[in-house]
Amino acid sequence: MTFASNRRLAADMPIALVTGFAGQDGQYLAERLLQDNWTVHATISPRPMRADSERVVPLLHTVDLSVPGNVPPLLDEVQPDVIFNLAGISSVARSWEEPAATIAINGVGASSLLEAAWQRSTRTDKGIKFIQASSAEIFGHATDVPQHEASRIQPVSPYGASKAFAHQLVGVYRERGMFASSAILYNHESPLRSPAFVTRKITSQVARIALGFDERLRLGNTEVRRDWGWAPDYVDAMIKMALHSRADDFVIATGKSHTVGDFVRLAFEAAGVERWENLVEFDERFARPADPVEMRGDATKAQRELGWHPTVSFDDIVKRMVEYDMSRERSRMAPVERETGR
């Protein structure tokens, strides 16, 4: 990978520790903080890293955050002003396959960071702010639609349960006197989203179908409704939370929901495929054991207190992702065509 490294360590720059850099949000967050003249450290897991090779990389630390003993030395080295905890298994589907690992990384990892930050703050008299990337999945089968900060927490997946534990633990440390906030993030997408997620699976497969490289798109339940936003907007919300005058929980959402079927339709339209209905097949392998019917968030509090607002519409999000995947597929096939003389 060829990355542009950032090594500016001026004393007047705030220092951020971004966990989970290899993910979509970690990359956008680190890039934005560097643009805002923060000194940025970031963690990646010992497993192979998946990151966009064209994006800026901060000062990287390879560490397993699910091992509590690994965290205090990391904080002693970095001496962060703010910890943005984005590390974890973020796929609901994968959490059903690896529930123990999900709990260890998402739950124990957050616990280890919170306690190490608290201990360092009390030992050095330098407070550390903590911003947790929480999830709408903590609400599960919510009776409130839209959901808000006070909605009942009742997760229905190992991922949701692990996030609910971390979310509530943030509240515990906030009551203890720590600046600890949770960003309750609803679904947010971008071209950096992993193909393991249904949205990126849709746009990448639709691009391949449109270009003649594939024939079918196989999905689970397409009737579930989700509140989809633009990932860089949600990163902006977490930074606003870190700069806010007080710690609290904030729902970050667009307030509008759409079905997976809506996403599919717009993706085919963006790719220029008119008669697409027969190209989509139901595959029970992709149906989850439990799936909330509708997740839609009320971000009134974030809009009022943080001045945060979404900037990219649902239609534009799908279009941008499809255009990226169309360009990516063309680039990947160009060398093959040159070699075969096509």
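Reply: Happy to; what follows sets the values of this predicted model against the terms used for them.

Me: What makes the overall size of the chain agree with a compact globule?
Reply: For 342 residues, the globule rule gives a radius of gyration near 20 Å, and the chain has 20 Å, so the two agree. Along the principal axes, the C-alpha atoms fill a box of roughly 65 × 50 × 40 Å. Buried residues account for 52% of the chain. Of the contacts between residues at least 6 apart in sequence, 77% join residues at least 24 apart.

Me: Which elements does the chain contain?
Reply: There are 10 helices and 14 strands.

Me: Why is strand 1 called mostly covered?
Reply: The count settles that: 5 of its 5 residues are buried. Ile15, Leu17 and Thr19 point one way, Ala16 and Val18 point the other way, and all are buried. In general, side chains in a regular strand alternate between the two faces of the sheet.

Me: How do you know that strand 1 pairs with strand 2 and with strand 4?
Reply: Pairing needs at least two bridges. Strand 1 and strand 2 have 4 bridges in the parallel sense, with Val40 of strand 2 as the bridge partner of Ala16. The chain goes from strand 1 through helix 1 to strand 2, and this β-α-β crossover is right-handed. Strand 1 also runs parallel to strand 4, joined by 4 bridges; there Thr19 has Asn85 as its bridge partner.

Me: Why are strand 12 and strand 14 called edge strands?
Reply: They belong to an open sheet of 3 strands in the order 12-9-14, with mixed pairing. Strand 12 (258-259) and strand 14 (294-295) each pair on one side only, and that makes them the edges. Strand 9 (residues 225-226) is antiparallel to strand 12 over 2 bridges, which meets the requirement of at least two. In this pair, Arg225 stands opposite Thr259 of strand 12.

Me: What makes a group of residues a nonpolar core, and which residues have the most contacts inside the largest one?
Reply: Members are buried residues of the nonpolar kinds, joined through side-chain atoms within 4.5 Å. The largest such core has 37 residues, and those with the most contacts inside it are Leu29, Leu33, Phe84, Ile131, Met238, Ile252 and Trp308. Helix 7 (residues 231-243) supplies the largest share of this core, 8 residues. Leaving aside residues up to four places away in sequence, Met238 touches Phe84, Leu86, Ile131, Ala133, Ala183 and Leu185. Another core, of 26 residues, lies apart from the largest one and includes Val260, Leu266, Ala267 and Phe314.

Definitions and conventions. Residues are numbered from 1 along each chain as its sequence is written. This is a predicted model: local features need pLDDT of at least 70, side-chain atom pairs count only at pLDDT 80 or more; totals for chains, interfaces and linings use all residues. Side-chain values use heavy atoms; hydrogens and water are left out. Buried means under 20% relative accessible area, exposed over 50%, partly exposed in between (1.4 Å probe, protein chains only). Contact means heavy atoms within 4.5 Å. A crossover is right-handed if, with the strands pointing away from the viewer, the path from the first strand over the helix to the second runs clockwise. The radius of gyration is taken over C-alpha atoms; the globule rule is 2.2 Å times the number of residues to the power 0.38.
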